[in-house]
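Student: Could we go through this structure together? I would like to understand how its parts are arranged.

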Amino acid sequence: MAEAHQAVAFQFTVSPEGIDLHLSHVALKEVYLSGLRSWKKKFNQLRNSFVTGVYPASPSSWLFMVTAILVTQYSRLDPSMGMIGKIKEHLPVSDYLSDQGLTVLSAMAFSTGLWLALIVTMRSILKVLLCYHGWIYEERGKISNTTKVWLALVKIFAGRKPMLYSYQTSLPHLPVPALRDTMQRYLESIRPLTTDAEFQRMAGLVRDFERTLGPRLQWYLRLKSWWASNYVSDWWEEYVYLRGRGPLMVNSNYYGMDFLYVTPTPVQAARAGNLVYAMLLYRRKLTREEIKPLMIQSGLPTCSAQYERMFNTTRIPGMEGDSIQHLGDSKHIAVYHAGRFFRVWLYHNGRLLRPHELQAQFQFILGDTTPPLPGEEKLAALTAADRDPWARARQTYFRSGVNQQSLSTVEKAAFFVTLDTSEQGLQGPNPGQALDAYAKSLLHGCCCDRWFDKSFNLIVYRNGKSGVNAEHSWADAPIVAHLWEYTIATDVFVLGYDANGNCKGDMDSSIPPPQKLQWEIPPECQQIILQSLTVALDLANDVDFHTFPFKDFGKGLIKKCRTSPDSFIQLSLQLAHFRDKNKFCLTYEASMTRLFREGRTETVRSCSIESCNFVKAMMDPTQNGGTRLHLFRVAAEKHQKLYRQAMTGAGIDRHLFCLYVVSKYLGLDSPFLREVLSEPWRLSTSQTPVQQVELFDLLNYPDYVSCGGGFGPVDDNGYGVSYVVVGEDLINFHVSCKFSSKETDAHRFGLYIRKAMVDVLALFQLDKNSPSSGGQ
């Protein structure tokens with residue numbers, strides 16, 4: 001227990017002569033440095049809050065305003081139109097202030113009030129400007145004069161050098177769509193998926209809902225939208241994520257992959273050292289709010305609220321629902337290796353551990369031959385299975401003693417690191433199968449070597465390959481992707497490795513080694529752990545995964561066809577799905593709503609009447625290429641319209657979801673909402689965006705591309721498809737389904753996707769008027 005002694009600042013001995021204190025100067029120094037670091041952080045937070053609070057103005061602009069007003073006082077001008085004199089009359093008389101001093105104070109008070117009024121005015125104008133969404137419906141490259149003027153005004157009022165949260169109060173609230181519009185769009189979305197009789201029955205339910213219960217529920221939603229920052233997000237987090245009682249693993253958590261073709265170093269401890277250090281640099285930038293808010297369309301801000309809980313965050317299981325525990329700071333990480341848990345401190349002498357020092361910490365863990373304690377090796381399986389058994393076990397066996405202390409260490413860690421004992425990546429005689437195994441490993445691992453409750457897990461394999469597994473309730477995939485892009489780019493292009501594959505830089509040999517966590521898990525709890533592991537293994541073994549890079553062409557050639565790459569891929573997926581199952585299905589495509597404050601996602605129902613007409617034409621041998629191409633363009637335009645509506649708050653599904661929540665609060669039953677919310681999403685899709693292109697030089701380093709990430713199937717008889725458009729010539733696909741389903745096969749569907757992509761492009765090659773006709 002040497003580590004425990006190092007944590008004690010003083011010891012004392014009671015003797016007949018009195019109490020003899022034995023101070024530990026090393027421990028006292030650490031206490032002092034820890035407190036100093038805490039106060040520095042509080043000061044930085046206070047400063048950032050002030051700078052963000054007065055944005056788009058700056059503290060220096062206040063000084064300029066005060067100086068300018070004071071100068072006018074001495075030049076016998078009064079821009080306040082008598083206000084400074086009025087303020088002076090109401091100031092208390094003091095023997096310590098002359099008449100001139102009272103004038104200066106009055107001028108400063110007026111200047112401050114004027115400065116604050118200008119800030120409020122600029123923010124209000126910016127908020128009104130950001131409510132305009134006409135730009136999103138304009139054809140790419142053809143910007144109207146109205147939009148040009150609007151963009152110029154946004155740039156004027158948006159200010160310069162924003163911090164991460166500078167625009168939060170200027171973002172508009174998510175609007176509640178009109179009830180009639182949502183009902184009409186819903187009926188339109190299900191028309192190609194229903195028979196005439198089914199559609200007429202559903203239309204009757206819609207009319208009845210719109211006439212009776214709907215307006216009452218809509219009133220409550222409008223009331224909430226006026227009062228709350230976002231009428232959807234808190235309910236979405238609680239009821240879709242935290243109230244879910246099924247396993248997080250596969251069903252909710254998602255993953256991100258390492259570089260596809262390159263492994264920067266084969267030294268596991270070195271790779272972990274660089275990656276952890278890069279993540280800590282990102283955390284420091286996040287704490288200081290130095291990360292720039294994501295901007296789209298050359299200067300439109302998006303919401304940054306989801307970044308707040310990226311680090312020091314854990315999902316805590318509960319009986320009725322889980323909760324999210326977020327700490328302001330954490331000075332350690334939790335590490336799992338070969339069935340053991342360790343704590344690694346991140347600071348020494350008031351500074352972050354350097355990459356080489358972190359490598360030494362991880363190498364110590366890798367070299368530790370201590371066997372796992374009883375129940376320790378499979379303990380994390382509790383986080384992989386159903387939530388209720390984990391909540392009961394946590395209450396019964398982890399409320400006190402050494403178990404409570406060790407569990408608190410894991411849950412209060414900055415993030416969780418797994419030093420995996422397997423090797424993964426694009427390797428071996430069958431790279432395709434190896435890539436599939438790599439994806440499955442990141443998604444679920446061995447079901448007991450990831451702490452699925454943590455905001456994210458960093459996984460580093462024995463051969464140096466890596467990846468992340470993220471919990472979904474606190475944020476969506478683009479937020480984790482932003483961290484991961486920064487991490488792997490910093491790892492390779494900033495930190496680097498020496499000739500032997502080790503981390504660069506010096507190290508302090510006096511840094512104490514990692515602390516192995518202790519557990520006292522009784523046999524009854526061990527039995528619960530094994531039961532959870534059985535549930536998790538059954539779920540993991542049922543996942544069929546196929547990951548593949550599509551290299552035939554990319555967005556560069558698609559854009560030459562004058563169509564959206566996302567619409568091109570979505571329509572190809574519709575064609576592939578019909579070829580696979582010979583039927584259409586309800587399709588989910590995730591779209592962001594971060595143009596609004598605290599916005600998360602909305603659903604694009606990609607299976608439309610227009611997309612079905614296109615697919616039918618592709619399956620009809622009597623249809624010619626011209627007809628098919630025309631139907632494709634109509635379907636692509638429809639998809640773009642649906643995507644734009646989702647982005648601008650005019651989607652269907654979040655509105656219906658919130659109407660359902662209100663009905664449950666009121667104790668009312670709606671057959672229409674009950675049926676809508678139970679409809680299966682047989683095809684669930686999502687695009688992982690590359691947000692920081694400037695970090696990667698794909699021209700000079702074309703092999704340094706990430707394969708993106710993926711997720712498990714949403715429906716037992718459906719597919720989950722994630723795709724990432726990398727550069728101009730590569731699209732990576734991740735396809736998931738279940739072995740237990742007789743309707744699905746991930747590899748078969750992957751082949752259909754490849755063929756559909758090629759067949760759709762062939763339509764443009766056959767069209768003589770297409771810009772791509774002579775391109776290849």
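Tutor: Let us begin with a term: a residue is buried under 20% relative accessible area, exposed over 50%, and partly exposed in between. Please also keep in mind that this is a predicted model.

Student: Then how does lysine 616 count?

Tutor: Lysine 616 has 49% relative accessibility, so it counts as partly exposed.

Student: And which helix does lysine 616 lie in?

Tutor: Lysine 616 belongs to helix 20, which covers residues 609-619.

Student: What does pairing mean for strands in general?

Tutor: Strands of a sheet pair through backbone hydrogen bonds, in either a parallel or an antiparallel way.

Student: Parallel or antiparallel: in which sense do strand 17 and strand 19 pair?

Tutor: Strand 17 (residues 587-592) and strand 19 (residues 683-687) pair in the parallel sense, over three bridges. For example, threonine 587 has leucine 683 in strand 19 as its bridge partner. With strand 18, however, strand 17 pairs in the antiparallel sense over five bridges. There, tyrosine 588 has arginine 605 as its bridge partner.

Student: Is strand 18 buried or exposed?

Tutor: Five of the five residues of strand 18 are buried, so the strand is largely enclosed by the rest of the structure. Thr601, Thr603 and Arg605 are buried on one side, and Glu602 and Val604 are buried on the other.

Student: A change of topic: at what angle do helix 8 and helix 9 pack?

Tutor: Helix 8 (residues 196-211) and helix 9 (residues 213-227) pack at an angle of about 55°, and their axes are 3 Å apart. The two helices are therefore oblique to each other.

Student: Which residues meet there?

Tutor: Asp208, Phe209, Glu210 and Arg211 of helix 8 meet Leu213, Gly214, Pro215 and Leu217 of helix 9. The residues of this contact comprise four nonpolar, one polar and three charged.

Methods: Residues numbered from 1 in each chain as written. Predicted model: local features only at pLDDT ≥ 70, side-chain atom pairs only at ≥ 80, totals over all residues. Heavy atoms only, no water. Axes fitted to C-alpha atoms, helices over the stretch in contact; angles between N-to-C directions. Helix = DSSP H or I, 4+ residues; strand = E, 2+ residues; numbered from the N terminus. Parallel < 35°, antiparallel > 145°, perpendicular 65-115°, else oblique. Contact = heavy atoms within 4.5 Å. Nonpolar A, V, L, I, M, F, W, Y, C, P; charged D, E, K, R; others polar. Pairing = 2+ DSSP bridges. Buried < 20%, exposed > 50% of the residue type's maximum accessible area, 1.4 Å probe, protein only.
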